[in-house]
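Please open the structure in your viewer and keep the selection tool at hand. The tour below goes from stop to stop, saying what to select and what is there.

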Amino acid sequence: MAAFQQAQAMVFAINEINENPNLLPNITLGYHLYDNCIKLGVAFRAATSLLSSTEETLSNFNCTGPPPVIGIVGDPSSTHCIAISSVLGLFRIPMVSYYASCSCLSDRKKHPSFFRTIPSDAFQVRAMIQILSHFGWTWVGLLYSDDDYGINAAQSFHQDVQLFGGCVGFSEILPRDNNPRDIQRIVKVIQTSTAKVVVVFSTVAYVVPLMDEVALQNVTGRQWIASEGWATSPLFHTQRLLPFLGGTLGIAIRRGEIQGFYEFLLRLRPDNDPRNNVVKIFWENMFGCSFVPIGSEKRKLCTGQEDLSNTNTAYTDVSGLRAAYNVYKAVYALAHALHDLMQCEEGRGPFSDNTCADITNLHPWQVVHYLQKVNFTTGFGDHVSFDKNGDALAIYDVMNWQPSADGSIIVRTVGVVDEGAATGQVLTLDEDALYWNFETRKPTRSVCSESCPPGTRQARRKGLPVCCFDCLPCAADANECTVCPDEFWSNSNKNRCIPKEVEYLSFEEPLGISLTTASLLGTCLCSVVVVIFAHHRNTPVVRANNSELSFLLLLSLKLCFLCVLLFIGRPQLWTCQLRHAVFGISFVLCVSSILVKTMVVIAVFKSSRPEGNAAMKWFGAAQQRITVLTLTALQVVICAVWLTTASPTPHKNSLHMSSKIVYECTIGSVAGFSILLGYIGLLAAVSFLLAFLARNLPDSFNEAKFITFSMLIFCAVWIAFVPAYVSSPGKYAVAVEIFAILASSFGLLVAIFAPKCYIIILHPERNTKKAIMGRTN
């Protein structure tokens, strides 16, 4: 009955426009009506039939061919609109829905020609938050339907409720198939949860089996918050559900009035339009009769003259026009867009070369242009326009379910949520009309007192008057929750805030002990190699491999191993500043020593040839030292600039894991850290390239092969480090960085110095000039 009333609202609006000499003069609007049967396939087929002009169309007067479809009013379902609008958008055919509220439809890239006279659910969620904030309800449960409407609204609610300072005690999705087991489980969750306020984003079909189970399990003492999808449905206004749903607050589409609409509804007769079979079906259902005798079934015959004024159904009820009023506004929006299109003056139009649209050859995208700019006021006084996303001005009625004289539920409007309120007050509630006591579940007059009675406390916020229904027991008030401070977390019983665990890589835990041991082991090995080389500094193996650069390389490796200790332990300002600076300078000193070592090897080989006698002039001891110091000094400058402009600092990160605080060092400047790593990578790449090109030198110069292998290990480790570091959580990211430092340092130490120590200690007979020079044989 309600859906048929909405269809009649479209007919009424079109008739009213056709009779209005000031709106679309000399233009007659026509229409097709389709029943979507609440099925996507039927709705989609109806929309596409309008595109392909497969429907039979009568042409009157002197017009030829079917009249153009300038727009579609509907569909009421968000899921249907998502599918239909995606196709209509390709042809830029305007679609104005009166009930589809999914926030996803505001995406202009996916739905470029979609408009709606109902606000987006993004605004509905904000309205919900306003109500929760008004009453101080911060501990809530959430239920939502398994469709686009419910899922998108629930996602928005989860995000906004945290900004408001609230908590979601439970979040459950209502099953699409109304499976009894799933419904029973959800009701059990509601019953056992300490959250006494339950927000439900759903259409009526999902809520009916839920409320049946709520009544069956006798779940009382809950404050229900209804979305506009079921806030005004009469299906729940019964005596049976009063103990469970009495006092429900809901968001409803703004109520409107359509002058003359009631009389128009009563004038409907089956013989007015013989081709309209829907009217006959409606008539038979309304009066319980039949136009055609049905076998042995005893039903009276319909005369077609039955009186609609004697009926009391949703069809004739115009006391709270909501969806039908939105249909009315949708039709008028299209009419105003077409009217503005016709007022265009040639040469001053909005299209290419300042042209106007041709009414005899109208394109849908031209209507979309004007529809985006419509701005008019209805006879009821409501302003109609669309924002850049095609959304209507957000305004809602706040409904309260109260007991009637016969013990059933009646729905009263007790407030307004208006995003565009001139006063700046978004939520306005009539405190005198809102008389339901949410704790006792009984009606109470709103008699204000100066203070709460003993044993109770004020529940309202924001300086509202203390009324008798505002005073709640001082015992555990589950309608509120206290948000724990940043460094605290609720205990398992969710009744006390306890300090969060602080996580960092410490020296006491097994991982920290292992990495510290590896660091000290590497430092000791470097010291051992230094002792071996110092003791055998006059032997050919040490002298042939440039002992000064070798000692410098060992010193830098020792610093690399020791810098690991700055990464372990509780972060402090000085450790955060030093760890990457020492790491960056140590590795540049190390890699630049290897680079110069490689260049010396190449120079020595070239100088052994007649044409390369002057090669060593450019690579003497002084030049080697200057090169290493210059390359290292550049890294020192990079670190100095980084530390003075955006220094790393200790930071307590509570966003990564809600139950823990990750104590870490912030990078400070991502650009500074990137330049530091990039400079090391550049030197390593050049060293690897030179060593690789010199790998085929004679055996007596096999130092290039060792350097090639060592730099291959170095580069592989740091290339693998980047994805591992990014994907590692908390303290394990620091452990990954330490592992990369240790692995690359051990790789350099072993690859370059292990072969030399092997000869010096185990094969001293090969540590002679003759043996070294004779390797070519």
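Begin by selecting strand S18 and strand S20 (residues 660-665), which pair in the parallel sense over 3 bridges. Strands here are DSSP runs of E with at least two residues, helices are DSSP runs of H or I with at least four, both numbered from the N terminus, and two strands pair if DSSP finds at least two bridges between them. This is a predicted model, in which local features need pLDDT of at least 70, side-chain atom pairs count only at pLDDT 80 or more, and totals for chains, interfaces and linings use all residues. Residues are numbered from 1 along each chain as its sequence is written, and side-chain values use heavy atoms, with hydrogens and water left out.

Within this pair, pick Glu-503, which stands opposite Val-662 in S20.

Next, select helix H13 (residues 510-535) and helix H20 (residues 731-762), whose axes come within 10 Å and cross at roughly 25 degrees; axes are lines fitted to C-alpha atoms, for helices over the stretch in contact, and angles run from 0 to 180 degrees between N-to-C directions. That angle makes H13 roughly parallel to H20, a description that applies to angles under 35 degrees. To look at the contact (heavy atoms within 4.5 Å), show its residues, among them Leu-511, Gly-522 and Phe-533 of H13 and Tyr-732, Phe-746 and Ile-761 of H20.

For the last stop, select the 8 strands that form an open sheet of mixed pairing, in the order S5-S4-S6-S7-S8-S11-S12-S13. Here strand S5 (167-174) and strand S13 (427-429) stand at the edges, each with a single partner strand, so one side of each is left without a neighbour in the sheet. From one strand to the next, the twist averages 25 degrees. Inside this sheet, strand S4 (residues 139-145) and strand S6 (residues 197-201) pair in the parallel sense over 5 bridges, and Leu-143 stands opposite Val-200 in S6.

Methods: Angles under 35 degrees count as roughly parallel, over 145 as roughly antiparallel, 65 to 115 as roughly perpendicular and the rest as oblique.
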